[in-house]
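Keep the sequence and the 3D view side by side. We will go from helices to sheet to hairpin.

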Amino acid sequence: MNELHALRVFCQVVEMDGFSQAATKLGLSPASITYSINQLEKQFQQPLFKRSTRRFSLTGAGERCYRSAQEILQQFDQLKNDMSGEFEQPRGPLRVEIASMLSSMHIAPALPAFLAQYPEIQLSVSVNDRLVNPVEDRADVFIRIGANDVPDMVSLQLFQPHYLCCGSRVYFERHGRPKNPEQLQEHVRLGFIRSGEAMADSWQFIRNEHVYQLAPSPLLSFNHSQSLCEVAKNHLGLVYLLDCTLESYLRAGTLEPVLQEWSPVGAPVNILYPRLRDRSHKIRVFVDFISALFSEKQENRSS
């Protein structure tokens, strides 16, 4: 048995979520895929998959095998790249997951410049707010708000956002500007629902040792921050979101901040990637590019 080939087949079955899908991806017959998996299971003397007609999943041994196989294949591919000279030009598929509130306003506009610099990288981007799970998530790089302590992941902080309370000028002309957090009780407070949560986040304001917290109004809540900003831009109420989400609206003047002296610090924005892939050239250049992007944004903001 070619163990390296069998491990590569096994990883493709896991990542493609099925034997037939992996066969199509690798250009092999389903029988060949099944044979490779069976040989691996004989070699390890235990099943790697829970086989049923309704569900496809890894056994505990399969999960351990997948993590180790990734590392072995990564090291082999790195060696192959070094020996063939491909290390000079990063190439191949790169899978990235980005938090929704960071994608459209900050990262997506910069990706053409990245691909112009590294044309042999094939970038696949998924926008979602799921928590990072190194076993279940097949991405190479994650950009998340928070998630700074994930097992088996390297986590680098990109920047530290703050919360802001904002509304449109027309809204403030109609209802007045709150001078302190207590006056927010008289205003429509639009709610933001984080991924995986059933209720909207509470609003918190901090100044010196004073802390004031209140719930959003029941009128309207969204689990999509940009949609919430669009509602606020059309004068329905106030939003309480991270400044990185509000940046384009503040720059355009369609939303204006209030109570800035009470703005608390939010969770840091981090870029993460599996520790076992920390020598990958394509990951390294992408992480460096995104780090430089946000460093430049912070410099422009402070100047």
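Which residues in helix 8 meet helix 9? This is a predicted model, and its answer is a set on each side. Helix 8 brings Ser 225, Gln 226, Cys 229, Glu 230 and Lys 233. Helix 9 brings Thr 245, Leu 246 and Tyr 249.

Now look at the geometry. Two packed helices are described by the angle between their axes and the distance between the axes. Helix 8 covers residues 225-233 and helix 9 covers residues 243-252. They pack at an angle of about 35°, and their axes lie 10 Å apart. The crossing of helix 8 past helix 9 is right-handed.

Turn next to the sheet. Five strands form an open sheet in the order 4-3-5-14-6, and the pairing is mixed. Strand 4 (121-127) and strand 6 (153-159) are the edges, each pairing on one side only. From one strand to the next, the twist averages 20°.

Inside that order, find strand 5 (residues 141-145) and strand 14 (residues 269-274). They run antiparallel and are joined by 4 bridges. Phe 142 stands opposite Leu 272 in strand 14. In a regular strand the side chains alternate between the two faces of the sheet.

Finish at the hairpin. Strand 9 (residues 203-207) and strand 10 (residues 210-214) run antiparallel, with 5 bridges joining them. Trp 203 has Leu 214 in strand 10 as its bridge partner. The hairpin leaves 2 residues between the strands. Asn 208 sits in the turn, with a positive phi of about 55°.

Conventions. Residues numbered from 1 in each chain as written. Predicted model: local features only at pLDDT ≥ 70, side-chain atom pairs only at ≥ 80, totals over all residues. Heavy atoms only, no water. Pairing = 2+ DSSP bridges. Axes fitted to C-alpha atoms, helices over the stretch in contact; angles between N-to-C directions. Left-handed = near helix turned anticlockwise from the far one by under 90°. Contact = heavy atoms within 4.5 Å.
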